[in-house]
Amino acid sequence: MVTPRSTRLRLLAIGGSLLLFTAPAVAGGQAAAAQPHPDGVPLRELGARQGIRIGAAANPFVLEKNRAYRTMLADQYGTLTAENVMKWDTLQPERGVFDWSHADALVEFARKHHQGMRGHTLLWHNQNPKWLTEGGFGPEELRSIMREHIRTVLERYRGRVYAWDVINEPFRDEGGELRPNMWLKTLGEDYIAEALKTAHEADPDARLYINEFGIEGRNAKSDALYELAKSLLDAGVPLHGIGFQSHFRVGGVPEDLAENMRRFTELGLEVTVTELDVSIGMPAGEKELRAQADDYRTVVETCLAVSGCKGVTVWGVGDADSWIPSWFPGWGAALPFDQGYAPKPAYSAMQEALGR
Ligand code: G3I
């Protein structure tokens, strides 16, 4: 159910307590147009009551121009993940030249709205600048470039970013082999341990993650990740968590999600659902939206049921800003808010799972 925000008192969750207020949570943007506003207690507050963080991937360019997006992001989510602007091509577009402007905008938004900030991502095979991928660097130089990037970024955001996806998608899309990315090809398997150690030196308080997709259920890829995590921990490498990206198609949440999370937590690691979305073949009808809501409910309930699951981040705010339609034509409607940032059944299902 949707009520114009201008006509009602609202409850805003700040730092685990509830403040009653009438002013808009976010300043700026166009003048007071009626905006879709979800009923009930915001997800961030419900999550905090249950001891988990409910977050969203954020994009400063949308933030700047869309008021409904800003409002939902600020009101509903307790953590932000940089969807793109902390990737290498944005942060270090030229060798030795860092552009902090976009990442800083998100970090500042998070500070202003009492949100935690997850850093995404330090080493990945995508969204790297040409100078890096086409530089023809040998092992010594590449190792030094890698260490310098990690050190510079973590030191800058020390105390402001509480967790980092240090390694993103280190395995091939399917199966249990490491992905032959630039890092593996030039530095060998040790690049993973070295990156984690470098990050830990630069910010000893940050939670350091390996983030991966297709590992949500038990399969060859999650088995390989499990073995990798175990061997890193055995060697004393500072690895703290596993990110379960969780890009699902409707009906696709694996039944053994909880069991699979638990085997990682039994190693002493935390887990976080880092990039949740549930795509629907378009057009999305009521039946599909209900099935999608069930998937969101299942994921949140699973996180609550697994001690060591720290939270659930959705990959975007509303269907208008989701990456899915441009990557998978014919698929979409993957997020808890719709094209106009009105709440969908998936939103209510998350609220229900969190105890409303
Ligand atoms: O920045 C350029 C812009 O200059 C250009 O005009 C425009 C034209 O297409 O493209 C812009 O780059 C886009 C970039 O996002 C920033 O908006 C790329 O085309 C687009 O492909 C890229 O997509 C991102 C994708 O990662 C890249 O691999 C998605 O937004 C982002 O949601 C997605 O996120 C990844 C996670 O990092 C890791 N896990 C999977 C997840 C989904 O792919």
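Helices here are DSSP runs of H or I with at least four residues, numbered from the N terminus. The model is predicted, so local features need pLDDT of at least 70 and side-chain atom pairs count only at pLDDT 80 or more, while totals for chains, interfaces and linings use all residues. Residues are numbered from 1 along each chain as its sequence is written, and side-chain values use heavy atoms, with hydrogens and water left out.

Helix H12 covers residues 286-305 and contains Thr-302. Thr-302 counts as buried because its relative accessibility is 10%, buried being under 20% relative accessible area with a 1.4 Å probe and protein chains only. The side chain of Thr-302 lies 2.6 Å from the backbone oxygen of Thr-298. Apart from neighbours within four places in sequence, Thr-302 has contacts with Leu-257, Ala-258 and Met-261, where contact means heavy atoms within 4.5 Å.

The ligand is surrounded by 15 residues, the closest being Glu-83, Lys-87, His-120, Glu-169 and Glu-275; a residue is included if one of its heavy atoms lies within 4 Å. By class, this shell has 4 nonpolar, 7 polar and 4 charged residues, with Asp, Glu, Lys and Arg as charged, Ala, Val, Leu, Ile, Met, Phe, Trp, Tyr, Cys and Pro as nonpolar, and the others, Gly among them, as polar.

The protein buries 52% of the 790 Å² that the ligand exposes when taken alone, by the Shrake-Rupley method with a 1.4 Å probe.

Terms used. Helices (H or I, at least four residues) and strands (E, at least two) are DSSP runs, numbered from the N terminus. Buried means under 20% relative accessible area, exposed over 50%, partly exposed in between (1.4 Å probe, protein chains only). A polar contact is a pair of N or O atoms within 3.5 Å; within protein, one must be able to donate a hydrogen and the other to accept it, and residues adjacent in sequence count only if both atoms are side-chain atoms.
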